[in-house]
Amino acid sequence: MTTETENLCPICAFGPLRVGTSDHGERLNLTCPRCGKFTITQTVARTLDERQLATKLSAWIRNRNEQGAKIPEISTATIKNIIDCFPTLSVIDKQAILLEIFGRRSKYPGSSVSFDSNLDFPLIWGENANELDFHLRTLMARSLIQAGDQLKAAAGQGPPEYMLTAAGWSHLDEVNRPRSISTQAFVAMSFDTTLRSAWRKGIEPAIIRSGYRPFRTDAQPSLDRIDVQIMAEIKRSHLVVADVTLQRPGVYFEAGYAIGLGIPVYWCVRKDDLQNVHFDTRQYNHIVWENPDDLCVQLHDFIYAVSGPSTAI
Ligand SMILES: [Zn+2]
């Protein structure tokens, strides 16, 4: 049974909003103008006291909504994987994301796009409205956007509007030319909890130290559903790290897709699982690791030797 109450968003405190509850009041279903559509269990909502976590979770949900993914379900079962997927973004990364949103939302070159800073800052993984305003001002100073239709805003009919400049459009073109200037490293691996430290202490720091930005999806790699979003992320990555430990078919699929695109794949496997490595991929050199620290050192050295440090800006 679903009931409705008026409440503040349990993540970003926006409100009051109409909040639906199910599972005897344990699960909240809501649409927040800032975070987007999601469901969350009361148990997890109560643990969101850490401000940093709430801001990032809000950004994660909003970005999932923006990508048209299915409604995110936040529960004790999913929260750890979700937190693992929070990206570490530089100022330039955030401006690149903002520019991409401009590209997506512009109906045609010269059309205006508006942002409501107070509601839209999670789109760029921002802390608050001021941060989004800062990035908008900086994109203007970089001549990548300019003021758009000012009439509506002047008449008090909405937030300020902006449009991409010619330089902004060509910047987007260059970024979308895959790989050459991408710093993204796509990580394909099992989400099993026994591999958490392999990710946290092994793969993630190895990639960051090599100058790349690790990207791990929050979805378990699957063979029955080819996720278009995941394929797009692989396509725009400079390299792929595939850890085949636990032998998930989805990891092989994602790595195979990258090979087909000519993207270098770094194969890894935990020593005790080496004998199970799929026949077809035994021809590839695998990083055989025994613990996360050892994985970190080997992977970093391998990426550094083969792909070199990232030179993209
Ligand atoms: Zn919210």
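Here is a short briefing on the fold of this protein and on one helix pair within it. The model is predicted, so to speak of local features pLDDT must be at least 70, side-chain atom pairs count only at pLDDT 80 or more, and totals for chains, interfaces and linings use all residues. Residue numbers start from 1 along each chain as its sequence is written.

**Overall build**
- The protein has 12 helices and 13 strands, taken as DSSP runs numbered from the N terminus (helices are H or I, at least four residues; strands are E, at least two).
- Its radius of gyration is 21 Å, close to the 20 Å of the globule rule for 313 residues, so the protein is as compact as a globular one of that length. The radius is taken over C-alpha atoms, and the rule is 2.2 Å times the number of residues to the power 0.38.
- The C-alpha trace spans about 70 × 55 × 30 Å along its principal axes.

**Domains**
- Domain 1 covers 3-84, domain 2 covers 91-176 and domain 3 covers 184-306, with bounds from an automatic or database domain assignment.
- Between the C-alpha centres of domain 2 and domain 3 there are 34 Å.

**A helix pair**
- Helix H4 (residues 91-105) packs with helix H6 (residues 129-141) at about 80 degrees, their axes 10 Å apart. Axes are lines fitted to C-alpha atoms, for helices over the stretch in contact, and angles run from 0 to 180 degrees between N-to-C directions.
- H4 is therefore roughly perpendicular to H6 (65 to 115 degrees).
- Lys-94, Gln-95, Leu-98 and Leu-99 of H4 meet His-135, Thr-138 and Leu-139 of H6, contact being C-beta atoms, placed from the backbone, within 7 Å.

Note on methods
Parallel < 35°, antiparallel > 145°, perpendicular 65-115°, else oblique. Contact = placed C-beta atoms within 7 Å.
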